[in-house]
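Let us go through this protein by question and answer, with the sequence and the model side by side.

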Amino acid sequence: MNVSILVGSQWGDEGKGKIVDILSDRYDIVARYQGGANAGHTIQIGDKQYILHLVPSGILRENVQCVIGNGVVIDPHALMEEIEFIHSNGMDTKGRLFISQNAHLIMPYHKLLDNIQESGEKKIGTTGRGIGPCYIDKYARKGIRIVDLLNRKSLEEKIRVNLEEKNNILRKVYNHEELDVEKIIKEYTEFDEKIDQYITDVPTFLNNAIHEGKSILFEGAQGALLDVDHGTYPYVTSSNPTSGGACIGTGVPPTKITSIIGIVKAYTTRVGLGPFPTELLDEDGENLRDWGAEYGATTGRPRRCGWYDAFLVNYSRLINGIERVALTKLDVLSKFKEIKVCVGYEHNGKMLKYFPTDLIRLNEAKPIFEILPGWQKDITGVQNYDDLPSETKNYLGFISEKSGFEISIISVGPKRSQTIEI
Ligand code: IMP
């Protein structure tokens with residue numbers, strides 16, 4: 001039995017899409033467990049680039065079945081667009097895509113409220129995909145779920161009740177025009193016809209699969225430091241990207257999980273607002289952005305870039321239970337003469353023992369760096385660990401020791417072939 005969770009170990013955008021794609025031909029099922037179309041998983045096959053937001057990256061391997069779990073929030077427009085995109089690329093979703101009946105639907109008012117709130121004073125720098133407002137309704141027990149699509153009468157009733165409240169808020173709090181309830185009812189009823197074939201009792205489906213000896217890869221979206229409970233709150237997303245989220249978000253119990261794989265980028269990036277102790281606001285930061293093509297796959301926003309933060313990844317290892325790591329984008333560091341690694345934070349003249357998740361200390365913390373020699377050689381064609389330059393091996397050894405993990409996969413370029421397995 002092989003039931004693995006793959007998690008982003010930093011602030012997202014670690015390159016999970018490529019690693020899921022590489023690993024997925026060793027699994028029967030790939031399942032998403034949280035987040036929504038705020039994610040952007042990029043996969044390069046040959047010269048063609050695919051960006052997936054909602055459907056698990058395993059869909060690109062024809063023998064893999066894909067699951068969207070109850071923890072995911074589903075924007076029907078994004079989902080239908082993505083299904084069409086998959087079909088137009090000659091791949092099938094029939095009998096291969098399974099969507100949890102308990103997943104919540106992103107409604108037009110979620111996206112609108114997300115954008116209105118982001119245009120105000122208190123910004124998070126969200127992707128504007130309605131993620132936060134949808135999870136708010138889920139926990140307020142007002143959400144509309146995939147299963148509601150199966151009963152037109154109650155779906156209509158739920159939309160009407162929700163719209164009455166949301167229109168009140170739009171008008172009275174934000175002085176915004178109301179949304180058209182009839183239009184939304186029509187839109188979501190039409191969606192029902194397209195999605196019915198995918199609706200599944202996911203906990204039963206996955207637990208039966210495990211019982212039959214099938215292997216499952218849980219594909220985390222975003223990253224551990226964006227976790228609503230364990231991240232840099234309030235500058236986080238509204239779900240649990242950490243490994244624990246996989247059980248809640250699919251109905252597979254913790255006792256069935258056999259391994260946890262962390263995806264770690266060889267440096268650090270973040271999109272949106274919030275603390276980022278190793279951020280580089282100089283030429284080195286611009287070079288990382290240019291050389292690493294660090295622009296959001298979902299929003300196109302330039303990502304903030306900085307040196308590798310071993311103190312942060314060590315915390316991530318702890319809360320996720322990461323055992324092995326796939327290190328991504330190592331080639332992006334190749335041109336630097338010297339590379340810095342953050343090994344801890346100083347606060348009020350003392351070294352912090354533990355990663356601070358409160359904003360005040362995190363904003364005040366001063367990263368302490370060690371400087372390592374760069375390799376200044378092209379490594380994008382290297383296929384074996386032994387053939388890497390000695391400075392590169394030195395860098396890998398240093399960050400794994402400081403972050404407390406073992407590296408088992410190294411990515412040296414976007415293509416499937418640019419991958420070293422140790
Ligand atoms: P939301 O998830 O759209 O509500 O955005 C909340 C925060 O999470 C913002 O800082 C976003 O930039 C960030 N975020 C959401 N999804 C991703 C992702 O896939 N990669 C990186 N950051 C993300």
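Q: Which residues does Ala-209 touch, not counting residues up to four places away in sequence?
A: Ala-209 is found in helix 7 (residues 202-211) of this predicted model, where helices are DSSP runs of H or I with at least four residues and strands are DSSP runs of E with at least two, numbered from the N terminus. Contact means heavy atoms within 4.5 Å. With residues up to four places away in sequence left out, Ala-209 touches Ile-29 and Lys-214.

Q: Which pLDDT do local features need in this predicted model?
A: Residues are numbered from 1 along each chain as its sequence is written, and side-chain values use heavy atoms, with hydrogens and water left out. In this predicted model, totals for chains, interfaces and linings use all residues, side-chain atom pairs count only at pLDDT 80 or more, and local features need pLDDT of at least 70.

Q: Is Ala-209 buried or exposed?
A: Buried means under 20% relative accessible area and exposed over 50%, with partly exposed in between (1.4 Å probe, protein chains only). With a relative accessibility of 5%, Ala-209 therefore counts as buried.

Q: Which residue in strand 10 does Ile-29 stand opposite?
A: Ile-29 and Ala-209 are 180 residues apart along the chain, yet their C-alpha atoms are separated by 8.7 Å. Strand 2 (residues 29-32) runs parallel to strand 10 and is joined to it by four bridges; two strands pair if DSSP finds at least two bridges between them. Within strand 10, the residue opposite Ile-29 is Ile-216.

Q: Which residues of strand 10 lie on each of its two sides?
A: Strand 1 (residues 3-8) is also joined to strand 10 by four bridges and runs parallel to it, and Val-3 stands opposite Ile-216. Both faces of strand 10 (residues 216-219) are covered by buried residues, with Ile-216 and Phe-218 on one side and, on the other, Leu-217 and Glu-219.

Q: What is the order of the ten strands in the open sheet?
A: The pairing in this sheet is mixed. One side of strand 9 (199-200) and of strand 20 (419-421) is left without a neighbour in the sheet, because each stands at an edge with a single partner strand. The ten strands follow the order 9-7-5-2-10-1-11-15-19-20.

Q: In strand 11, what is the bridge partner of Gly-8?
A: Strand 11 (residues 259-265) is mostly covered, with seven of its seven residues buried. Strand 11 pairs in the parallel sense over five bridges with strand 1, and likewise over five bridges with strand 15 (residues 324-328). Ile-5 stands opposite Ile-260, and the bridge partner of Gly-8 is Ile-263.

Q: The side chain of which residue makes a polar contact with the side chain of Lys-16?
A: Lys-16 is found in helix 1 (residues 16-24) and is buried, with a relative accessible area of 3%; the residues it touches include Gly-8 and Ile-263. A polar contact is a pair of N or O atoms within 3.5 Å; within protein, one must be able to donate a hydrogen and the other to accept it, and residues adjacent in sequence count only if both atoms are side-chain atoms. At 2.8 Å, the side chain of Lys-16 makes such a contact with the side chain of Glu-14.

Q: How much of the area that the ligand exposes when taken alone does the protein bury?
A: The ligand is surrounded by 15 residues, where near means that a residue has a heavy atom within 4 Å. A nitrogen atom of the ligand is 3.1 Å from a side-chain N or O atom of Asp-13, and an oxygen atom of the ligand lies 2.9 Å from a polar side-chain atom of Arg-301. Accessible areas come from the Shrake-Rupley method with a 1.4 Å probe, and for residues only the protein chains shown count as cover. Of the 470 Å² that the ligand exposes when taken alone, the protein buries 97%.

Q: Which residue with a positive phi follows helix 10?
A: At the start of helix 10 (residues 310-320), a side-chain oxygen of Asp-309 reaches to within 3.2 Å of the backbone nitrogen of Phe-311. The buried residues of this helix pack against several elements, including strand 1 and strand 11. Helix 10 is followed by a residue whose phi is near 75°, namely Gly-321.
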